[in-house]
Amino acid sequence: MTSVAATARVPHAHHDDRSFIRKYIFSTDHKIIGIQFLFVSLFFLLLGGLLAMQMRWQLGFPGKPMPGGGLLPETMAANGVILPEYYVQLVSMHGTFMVFFAIMPLLVGVYANFLIPLKIGAHDMAFASLFVPEGAIRSGWTNYAPLSARPDLSGVTTGQILWCVSIVVLGLSSVMGSVNYITTIINHRAPGMTWFRMPLSVWALFITAILAVLALPVLQGAAILLLFDQTIGTHFFDPVAGGQALLWQHLFWFFGHPEVYILILPAMGMVSDMIANGSRKPIFGYHSMVFAIIGIAFLGWLVWGHHMFMSGMNPTLGSSFMVSTLVIAVPSAVKVFNWMGTMWRGNLRFHVPMLNAVAFVAMFVIGGLSGIYMAATPVDMFIHDGYFIVAHLHYVLFGGSLFALFGAIPYWFPKMFGRMMSERWGKVHFWLTFVFYNFTFFPMHILGMAGHMRRIYDPTQYEFLKPYQPMNEFISVSAFLLFATQLIFFVNFWWSLFKGKKADLNPWQDNGLEWSLPSPAPHGNWETVPRVYRGPYEFSSPEVSDRDYLPQHEKRPTDREPASATAPAH
């Protein structure tokens, strides 16, 4: 049964006359909250990229002063030369910022808050850095114990404590948000918005929210135990005092692999919306796409051990994790073939969102294929903790999540801000990003096969890696150009906020409910709750002859009125 926000106490669409502070800082409007997530997450994305540039300078040009390095304290860069301690901190915080503060809130915080009520026909949701003495953590973004548990080993106390506290607080906010997303989707769908009329983006956000509710408390619990080791003298992860260092790995990766799908499933859902729009065809195999999302989420709980093949795991147990990891490729492949089937013989429109969505599919395939190699225990033993792993991770999370975001941001930009981003500069940004991205990360596969380890400070200290240093330099230069290319995106974003072309009601000629609203969407969304008569992907429908799209809310003579229900009180 669906329910709608239709009672007298529910706010309807109207002009928002609240003060700037009340509207944009302390807002309860789901759209403004999504935009708040967008700005903060883009800041952390930029910050994480700046840290990566410093890492690539050190790997490409070890021992040479970094441009601007003289601005850093001598404890970080002596005479502009990055120190080993600072390099490890860069590695640790780059991963932490990108995973927890950039990609995850960009995909979930922004679009779950902004899109879910708009796409299901609801008025709103159901429930309406510091410098420290020793610097940041030095134990990598995975924060492995016992290095993270003992300050005498890592040399960091305050930074480690702050990392643990921030993870606990971040996890709490994410769990609360996920409960809100789940409740909204279950209870606040418009009349006629049945489960299998929901867009795949909403399905993906729904399953992602369930994963977050179940997975994040595990990481929070592990962070609390680690915090206790740091502050009150417990020894959960210190083997010298009777603790279990591997316990941290089990807890982290039991959260960590569902987290991979928390980062990629929303991207898959949004890419499905953009590919259907760009192909002007219904999504191929809609039901199988839904079940593939559910299958990925379920199997994601059974594969965490493949991160620990080198930990002394029982070979029988390792084989079970190997099989489950290979099996999880099946629903992912279903999605890839369905995206290809959607594009096949479609009336393709290569606008910026479509270009980025197609790039997502291509890069996800490369990342997925390299993941098949790593799923095999004998192969993983050779390439584990090498640059082959780094390449795989970035093909999935950069090539996957960020290409999806570079499509989703201009796609829903008009509904957020009432203006269009520049199509010309969007395409320039896409092609440069696509080229420099592959120049940066594809050669890492070669470095990994040559034995190049992760997190090493100076590759030239190893004789067997010296012949590959020109490749490291090439990767670093490509990374610098890749980062510089993102300035095009940021300039386009900010320029379009104020000077972009004013958006029409439905600039992409899409079928979703959000495109029935003015751009930007008003406070409270709809004056009257929309009614849904069909699925979200009725492109090139034979029912209409004057256009190639048929919105979900548009009633045709043959459509029956959907059953309605009374909304819960607000």
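**A proline and its loop**

Where is P146 found? It sits in the loop between α3 and α4 (151-154). Helices here are DSSP runs of H or I with at least four residues, strands are runs of E with at least two, and both are numbered from the N terminus. P146 is joined to A145 by a cis peptide bond, with omega at about 5 degrees.

A quick word on what you're looking at: this is a predicted model, where local features need pLDDT of at least 70, side-chain atom pairs count only at pLDDT 80 or more, and totals for chains, interfaces and linings use all residues. Residues are numbered from 1 along each chain as its sequence is written, and side-chain values use heavy atoms, with hydrogens and water left out.

Most peptide bonds are trans, and most residues other than glycine have a negative phi. Against that background, S519 and P520 are also linked by a cis peptide bond, with omega at about 0 degrees. P520 belongs to the segment after α15. Then there's R280, which isn't a glycine but has a positive phi of about 55 degrees. Look for R280 in the loop between α7 and α8 (286-299).

**The largest pocket**

The largest pocket comes out at about 1,200 Å³. On a 1 Å grid over the protein atoms alone, a pocket is an open set of points with protein on both sides within 12 Å along at least five of seven lines, while a cavity is a set where a 1.4 Å probe fits but cannot get out; lining residues have an atom within 4 Å of a point. Grid points are joined across faces, edges and corners, and a volume is the space filled by probe spheres set on them.

Which residues lie nearest the centre of the largest pocket? They're H257, H306, H307, M374 and H392, out of 48 lining residues. The elements giving two or more residues to this lining are α7, α10 (329-343), α11 (352-375) and α13, with α7 supplying the largest share at 10 residues. By class, the lining splits into 27 nonpolar, 16 polar and five charged residues. Here Ala, Val, Leu, Ile, Met, Phe, Trp, Tyr, Cys and Pro count as nonpolar, Asp, Glu, Lys and Arg as charged, and the others, Gly among them, as polar.

The largest cavity holds about 750 Å³ of space. It has 34 lining residues, and A52, H94, M98, H394 and F441 are the closest to its centre. Two or more lining residues come from each of α2 (30-60), α3 (84-120), α13 (387-417), α14 (423-449) and α15 (469-499). The lining is made up of 25 nonpolar, six polar and three charged residues.

The second largest cavity has a volume of about 50 Å³. Its lining consists of K119, P199, D273, D510, G512, P536, Y537 and F539, which sort into four nonpolar, one polar and three charged residues.

**How the helices pack**

Two packed helices are described by the angle between their axes and the distance between the axes. Axes are lines fitted to C-alpha atoms, for helices over the stretch in contact, and angles run from 0 to 180 degrees between N-to-C directions. Under 35 degrees counts as roughly parallel, over 145 as roughly antiparallel, 65 to 115 as roughly perpendicular, and the rest as oblique.

Take α6 (residues 200-231) and α7 (residues 245-279): they pack at about 160 degrees with axes 8 Å apart, so they're roughly antiparallel. Their contact has 25 nonpolar, four polar and one charged residues. The axes of α11 and α13 come within 8 Å and cross at roughly 160 degrees, which makes this pair roughly antiparallel too. The α11 and α13 contact has 17 nonpolar, nine polar and no charged residues. By contrast, α7 and α10 pack at about 15 degrees, axes 9 Å apart, and are therefore roughly parallel.

**Aromatic pairs**

The whole structure has 55 aromatic pairs. Rings of Phe, Tyr and Trp (its six-membered ring) pair if their centres lie within 6.5 Å; planes under 30 degrees apart are stacked, over 60 edge-to-face, and the rest tilted. Since Y411 lies in α13 and W515 in the segment after α15, the pair ties together parts that are 104 residues apart in sequence.
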